[in-house]
Amino acid sequence: MIFRILEDQYGQKLKDAKAADQRFMQLALLLGRRGLGRTWPNPAVGAVVVKDGVIVGRGWTQPGGRPHAEPQALRRAGEAARGATLYVTLEPCSHFGKSPPCVDAVIASGIARVVSAVEDPNPEVGGQGHARLRAAGITVDVGLCATEATHDHAGHFRRIRDKRPHVILKLAVSADDKIGAAGHTPVTITGEPARTRVHQLRAQCDAILVGIGTVLADDPVLTCRLPGMEARSPVRVVLDRALRLPGDSQLVHSARQTPLWVMTSDFAEAPAAMKLGAAGAQVMRVATTAQPPGLDLPAVLHALSDKGITRLMVEGGSRVAASFVAADLVDEIWLLRGPDEIGADGIPALDALPLSSLTGSPAFKTRASENLGKDILTVYGRA
C-alpha cells in the first residue's frame, strides 16, 4: 500500500513538473513573437529563467537581431540564475558571430538545466550548442513545444535550408472568390477588423512584396498604419521588370523613411535605376523567365534571403499570387473572406487558377480560423 501511495505522489509530481515546463515554454514563445519582423536576419527567440517555480529573468531577441534572448534573460536574472532552469525557444548558439556564443553566457551563469524547444538547423550550431551545454554538466531537454517553435522560426529554418524566406500569401476575397472589381474600380471587400489584422501581420513580417501592376493601379504605401506601430513597417519589395515604378508614387516618396527594394531585370534601363536610387530606393537585378515573361521568382527569393529576409508577406495582385502558387513557393496562406459578392466580371483571386486549387490542395491544411466582424480569416499551412 505504501508503495502505491509513493507511486501516486511521484506521478503527480511528474505531471506538475511537466505542466510547469509547458507553462514557462509558452511564455518564452510569446516573448519571442515580440521580435517577429524586427530581428532579421536572426530568428526571433524568447527565453525565460525560472528558479524554484519563480520567473527571475526573461528576454527576447532585440531589433536587428542583437542582443540575443538568452543573455538578456540571464542578465536580468543575475545571481538568481545559479541553479535555475532556462527555457528557450531555439537551441542557444555556439559560434562567434557579431556577438559571443550564447552557450558561454549560459554556462557562466550557473544554469543547472536548459529546456530547449527545437534544435537550430544552422550548420554553425546544429546540435553543437546542446552538446556543449551537456559537456558542461548542464541537463538539457529538447523538444518541448517543438511544433509551435518550428512555426515561429519557420523563416529562419527556410532561409537556412532553402536559401529563401518563409512566404506568407495574403488574399482578401469576396464571397465569390474575387479580389477586385472589373477595371480596378475601387471596392471594399473586408471590414476594419480584418484590415487591422493585416497590418498586424505586416508588422510581423520582414518584408512585403507586390507587383508593379498593383503599384500602378492602387499607388499603395504598404506600411503598418496601426497607431504607435509605424516603426514596425516591413521592407517594401516591388517586382518591376522594366522599371515602370513612377517617381511620384507613395512608395518612392517614402523610400527614405521605410526601405523600398525594387527587383528588376538586367535589361532595365540604367537611368531609371539611377533615379530610383537617388530617391532612396534600392534596385536589385535578378534573372528573368521567358515563359511566362517576368522575373524569376526563385532568384527573387534567393536575393531577398541574401539580404537577410526570413519572413515575406506577398500581397500582390492576382498574377503575382498565381505565379507564387504555380511555382510552389507559398508556405502559408492568410485568406480573408468578405460577406459580399462582386460578380462574374470581377478579378479572380488567382488569375486563371481557381482558388480551390490552393485551399483544397492536399499540400495545405487549415491551421486556424476566426471571425473578424463580418469577415472570416482562415490560415493554412503546409501539410
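Is Phe 24 buried or exposed? At 7% relative accessibility, Phe 24 counts as buried, because buried means under 20% relative accessible area, exposed over 50% and partly exposed in between, taken with a 1.4 Å probe and protein chains only. The model is predicted, with local features needing pLDDT of at least 70 and side-chain atom pairs counting only at pLDDT 80 or more, while totals for chains, interfaces and linings use all residues. Residues are numbered from 1 along each chain as its sequence is written, and side-chain values use heavy atoms, with hydrogens and water left out.

A pair of aromatic rings is described by the distance of the centres and the angle of the planes. Rings of Phe, Tyr and Trp (its six-membered ring) pair if their centres lie within 6.5 Å; planes under 30 degrees apart count as stacked, over 60 as edge-to-face and the rest as tilted. By this rule the count comes to 2 aromatic pairs. Phe 24 and Tyr 87 make a tilted pair, because their ring centres are 5.4 Å apart and their planes stand at 45°. Phe 24 belongs to helix α1 (residues 2-33) and Tyr 87 to strand β3 (residues 85-88), so the pair ties together parts 63 residues apart in sequence. Here helices (H or I, at least four residues) and strands (E, at least two) are DSSP runs, numbered from the N terminus. Tyr 87 is buried, at 3% relative accessibility.

Trp 40 and Trp 261 form an edge-to-face pair, 6.2 Å centre to centre with 85° between the planes. Trp 40 lies in the loop between α1 and β1 (46-51) and Trp 261 in strand β10 (residues 260-264), so this pair ties together parts 221 residues apart in sequence. Trp 40 is partly exposed at 23% relative accessibility, whereas Trp 261 is buried at 7%. Lys 307 lies over the face of Trp 261, at 5.2 Å from the ring centre. A charge sits over a ring if NZ of Lys or CZ of Arg is within 6 Å of the ring centre and within 35 degrees of the ring normal.

Trp 40 also takes part in a cis peptide bond with Pro 41, where omega is about 10°. Another cis peptide bond joins Gln 291 and Pro 292, with omega about -10°. Most residues other than glycine have a negative phi, and most peptide bonds are trans. Cys 145 has a positive phi, near 60°, and lies in the loop between β5 (139-142) and α5.

The second largest pocket has a volume of about 820 Å³. Of its 30 lining residues, the closest to its centre are His 151, Asp 152, His 166, Glu 332 and Arg 367. On a 1 Å grid over the protein atoms alone, a cavity is a set of points where a 1.4 Å probe fits but cannot get out, and a pocket is an open set with protein on both sides within 12 Å along at least five of seven lines; lining residues have an atom within 4 Å of a point. The pocket lining divides into 9 nonpolar, 7 polar and 14 charged residues. The largest cavity has a volume of about 80 Å³. Among its 14 lining residues, Asn 42, Pro 43, Ala 44, Thr 310 and Arg 311 lie nearest its centre.

Note on methods:
Grid points are joined across faces, edges and corners, and a volume is the space filled by probe spheres set on the points. Ala, Val, Leu, Ile, Met, Phe, Trp, Tyr, Cys and Pro count as nonpolar, Asp, Glu, Lys and Arg as charged, and the others, Gly among them, as polar.
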